[in-house]
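This is a walk through a predicted model. It begins with a helix and then turns to pairs of aromatic rings.

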Amino acid sequence: MSGEAQEDQAERKMRFLFALRSKGVTDARTLNAMEAIDRGRFVRGLFANRAYEDMPLPIACGQTISQPSIVGLMTQALQVRARDTVLEIGTGSGYQAAVLSQLARRVYTVDRHRRLVRESEALFAELSIPNIVPIAGDGSRGLPDQAPFDRIIVTAAAEDPPGPLLAQLKIGGIMVLPVGQSDTVQRLIRVERLEQGFDYEELRPVRFVPLVEGMASD
Ligand code: SAH
């Protein structure tokens, strides 16, 4: 790479991190993880040159890669510890899973589009990320074989937290997810499983693609 290109890249990265901080992503471990994972690798085609802007972008299968500041806010709300096993529902581009892979022991990530699972699996291999397990499946059922999980993150909106996911959370575990109807503004919430019952905290308004039951055809 030329000196000029390197400088461009360094400046782009600085602006990217600055935008995250200014939107409230202040947790040092989260910022380090997002510095380590190049979002540009997860956006293809027409929009690739906008990968470092704080906006959601279209990906294959009519889905979207989330806005970086939302990825950051969800990641920091999840409070992932180094020995945690994390379940993500909604692999999409694989970007959120890659960020989480820097913080957790292992990340299972599930998507109903086989193509997205295949493509993100190839990307994780290219980037030499060893601790993500991508799985094609209906994430609204969770992943009973690998449960329970320390942390669960859902990156598609359901009307309510899906029962199977609540059931697959460890006691003391945390789940972060958007809830509400897909065509309106949804609420990002943080759920903590207590010895008995759950504690719910509302974080902020968000807008995600809907959580759809069953497998997609592609
Ligand atoms: N986390 C992603 C963005 C996800 S977009 C990223 O970092 O790029 C939401 C994803 O949820 C889409 O890929 C969609 O296919 C997936 N999805 C929707 N309903 C699902 C379900 N029931 N099970 C698994 N994945 C689902």
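The expected span of a helix is 1.5 Å times one less than its number of residues. Helix 1, residues 3-22, has 20 residues, and its first and last C-alpha atoms are 29 Å apart, close to the 28 Å expected.

The buried residues of this helix are Phe 16, Leu 17 and Leu 20. They lie on the same side of helix 1, because the arc they cover around the axis is only 90 degrees. An α-helix has 3.6 residues a turn, so residues three or four places apart point the same way. The buried residues of helix 1 pack against helix 2 (28-36), helix 3 (68-78) and helix 4 (95-101). On the face turned away from the buried side are exposed residues, among them Glu 4, Arg 15 and Phe 18. Gly 24, which follows helix 1, has a positive phi, near 105 degrees.

Next come the aromatic rings. The model has four aromatic pairs. In one of them, the ring centres of Phe 16 and Tyr 52 are 6.3 Å apart and the planes stand at 85 degrees, so the pair is edge-to-face. Phe 16 belongs to helix 1 and Tyr 52 to the loop between helix 2 and strand 1 (57-58), so the pair ties together parts 36 residues apart in sequence. Phe 16 counts as buried at 7% relative accessibility, while Tyr 52 counts as partly exposed at 23%.

Tyr 108 and Phe 149 also form an edge-to-face pair, with 6.1 Å between centres and 70 degrees between planes. This pair links strand 4 (residues 106-111), which holds Tyr 108, to strand 6 (residues 149-154), which holds Phe 149, 41 residues apart. Tyr 108 is buried, with a relative accessible area of 8%, and Phe 149 is buried at 0%.

Note on methods. Residues are numbered from 1 along each chain as its sequence is written. This is a predicted model: local features need pLDDT of at least 70, side-chain atom pairs count only at pLDDT 80 or more; totals for chains, interfaces and linings use all residues. Side-chain values use heavy atoms; hydrogens and water are left out. Helices (H or I, at least four residues) and strands (E, at least two) are DSSP runs, numbered from the N terminus. Buried means under 20% relative accessible area, exposed over 50%, partly exposed in between (1.4 Å probe, protein chains only). The arc is that of the directions from the helix axis to the C-beta atoms. Contact means heavy atoms within 4.5 Å. Rings of Phe, Tyr and Trp (its six-membered ring) pair if their centres lie within 6.5 Å; planes under 30 degrees apart count as stacked, over 60 as edge-to-face and the rest as tilted.
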